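Open the structure in your viewer and keep the selection tool at hand. Here is a short tour, one stop at a time.

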Amino acid sequence: MLQLWRHRLSVSSCLHCYKSFTRRLSVTEWRCAVKASYLHYPGDEPLSPLTTGQLVEKAAEQWGDREALVSVHEGVRFNFEQAKQQGDRLAAGLIGMGLKPGDRVAIWGPNTSQWYLTFVAAARAGFIIVNINPAYQTSELHYCLAKVGVKALIAPETFKTQKYHEMVMKIAPELQTCAPGQLRSENVPDLTSLIVISDNKLPGAYRFRDVMDSATPEQLTYIQQLQSEINADDGTNLQFTSGTTGQPKATLLSHHNTVNNVLLFGKRLQLFLKIGYGMTETSPLSFASLSTDPIDKVGTTVGYIMEHVEAKVVDDKGKSVPFGTPGELWIRGYLTMLGYWNDDKKTEETIGRDKWLKTGDQFILQENGYGKIVGRIKDMIIRGGENIFPKEIEEFLEKHPDILEAQVIGVPDYRMGEEVCACLRLVEGSKLTTEQVKEYCKGKISHFKIPRYIHFLTNFPKTVSGKIQKFQLQKIIIEKEKLSAENRPK
């Protein structure tokens with residue numbers, strides 16, 4: 001990892017420069033006196049050079065009899081030695097089907113022991129794991145398979161209302177007549193194998209059990225050789241943990257207080273709430289709260305910078321801003337992705353030549369190592385030339401005892417360009433009115449931040465992973481209010 005040497009000028013050094021040369025300091029020189037929003041936490045220990053597959057082997061050697069996985073709903077338990085053995089068996093089965101290191105193996109389904117074993121197998125054999133959301137429908141699945149060239153897909157036959165095998169058949173009808181591992185489909189030309197977690201014999205598919213039992217000693221030896229050849233810097237690894245979004249402080253405090261007052265078997269429970277910030281592109285966390293952080297800090301920041309991570313906050317020209325000043329957060333370190341799959345243009349837009357990754361998040365970096373989200377840059381509201389960050393207004397509104405959750409969006413306006421709209425979810429039984437909300441805002445926040453439009457909703461549109469879709473909120477409000485930036489309101 002590239003180590004950067006940074007030289008800061010203090011105020012006294014700038015004044016000394018002024019006295020020495022008896023000239024007036026330029027704006028640029030005076031800015032040197034302000035500490036720029038930059039942090040680098042090297043950590044207490046060096047980064048490990050081991051791959052995930054090698055860590056599986058190390059865990060089996062050191063803690064073989066310790067539990068690695070407990071799947072309560074399946075009644076399944078694996079210790080580390082069993083996880084390695086079964087993962088190797090599955091990896092060998094996939095190799096026997098013709099897969100090679102670097103091939104994409106997709107897992108599509110809920111949290112199960114098979115999901116865990118698939119991840120272990122991919123890590124051991126050098127496959128690239130592709131995690132497909134279990135709620136995806138046919139068109140979404142087709143896009144994912146085609147986008148990254150998935151060669152093998154592992155999925156249960158069904159889950160709840162999802163009929164996975166039937167959906168794959170719609171995408172690749174050739175499954176009906178092909179032999180397992182011999183799929184040749186015009187719609188998904190890279191996909192050759194479907195492995196179904198089922199006791200049934202299904203058209204064109206392997207059973208998961210059959211694949212696991214097909215290992216040979218030669219294939220297991222091959223896996224060991226692969227692991228010895230893989231270096232941490234060589235492979236491409238798709239990460240699949242989503243970045244976190246901040247919970248409302250009131251929600252965190254309520255959850256903390258409720259759980260910590262529960263008695264179980266005569267003992268009072270202790271809950272240690274932690275919050276983190278990250279994104280899929282940063283594998284995933286770059287900030288996380290510490291175990292020693294008080295609940296108030298957990299509710300007002302996204303935590304402390306992670307080990308071996310660099311972070312800085314910049315203005316719209318890419319210049320660092322002072323600590324405590326909002327700007328765009330950039331991240332650099334071992335955790336940043338190599339790039340978007342087969343999308344060089346998007347990669348270049350996101351990662352600079354200096355390897356800084358642009359998060360697109362408005363952020364405040366504190367000199368003590370903690371950070372705070374202000375909002376998404378694309379969510380920023382520009383009202384008559386004033387830059388308004390929705391997160392600030394949301395946090396203010398959520399301090400009201402009747403407001404459970406607030407989502408602030410910008411909506412088009414003929415005169416101002418954009419206006420502020422607050423969508424509020426109230427405490428059950430609350431009779432809060434629009435006028436009361438506006439009165440609550442007066443004198444406490446700037447007049448231009450007070451929402452012009454206020455809507456009370458019982459729930460917000462969300463993604464399958466639980467993130468609120470502000471663009472859907474905007475569509476709902478724009479249609480309801482019949483708003484347009486081009487037309488005068490009637």
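**The whole protein**

Start with everything shown. This is a predicted model. The protein has 15 helices and 22 strands. Of its 490 residues, 43% count as buried. Look at contacts between residues at least 6 apart in sequence: 63% of these join residues at least 24 apart.

**Helix 4 and helix 5**

Select residues 80-96, which form helix 4, and residues 113-125, which form helix 5. At what angle do helix 4 and helix 5 pack? The angle is about 70°, and the axes lie 8 Å apart. An angle of 65 to 115 degrees counts as roughly perpendicular, so that is the description for helix 4 and helix 5. Their crossing is right-handed.

Now show the side chains at the contact. Helix 4 brings Ala83, Lys84, Gln86, Gly87, Asp88, Leu90, Ala91 and Ile95. Helix 5 answers with Tyr116, Leu117, Thr118, Val120, Ala121, Arg124 and Ala125. Colour this contact by class: nine residues are nonpolar, three polar and three charged.

**The largest nonpolar core**

In soluble globular proteins, nonpolar side chains tend to be buried together. Here the largest nonpolar core has 27 residues. Pick out Leu90, Leu94, Leu99, Phe127, Ile154, Ile195 and Phe208, which have the most contacts inside this core. Helix 4, strand 4, helix 5, strand 6, strand 7 and helix 8 each give two or more residues to the core. Which element gives the most? Helix 4 does, with six residues.

Another core, of 26 residues, lies apart from the largest one. Leu153, Ala155, Leu191 and Ala205 are among its members.

Zoom in on Leu90. Beyond residues up to four places away in sequence, Leu90 touches Leu117, Thr118, Ala121, Phe208, Val211 and Met212.

**Ile381**

Move to strand 18, residues 381-383, where Ile381 lies. Is Ile381 buried or exposed? Its relative accessibility is 0%, so Ile381 counts as buried. Show what surrounds this residue. Leaving aside neighbours within four places in sequence, the contacts of Ile381 include Glu386, Ile388, Pro390, Val408, Gly410 and Val420. Then draw a line from the C-alpha of Ile381 to that of Gly417: these residues are 36 apart in sequence and 9.3 Å apart in space.

**Helix 13**

Finish at residues 390-397, helix 13. Select Pro390, Lys391, Ile393, Glu394, Phe396 and Leu397, which are buried. With six of its eight residues buried, helix 13 is therefore largely enclosed by the rest of the structure.

Methods:
Residues numbered from 1 in each chain as written. Predicted model: local features only at pLDDT ≥ 70, side-chain atom pairs only at ≥ 80, totals over all residues. Heavy atoms only, no water. Buried < 20%, exposed > 50% of the residue type's maximum accessible area, 1.4 Å probe, protein only. Helix = DSSP H or I, 4+ residues; strand = E, 2+ residues; numbered from the N terminus. Axes fitted to C-alpha atoms, helices over the stretch in contact; angles between N-to-C directions. Parallel < 35°, antiparallel > 145°, perpendicular 65-115°, else oblique. Left-handed = near helix turned anticlockwise from the far one by under 90°. Contact = heavy atoms within 4.5 Å. Nonpolar A, V, L, I, M, F, W, Y, C, P; charged D, E, K, R; others polar. Core = buried A, V, L, I, M, F, W, Y, C linked by side-chain atoms within 4.5 Å.
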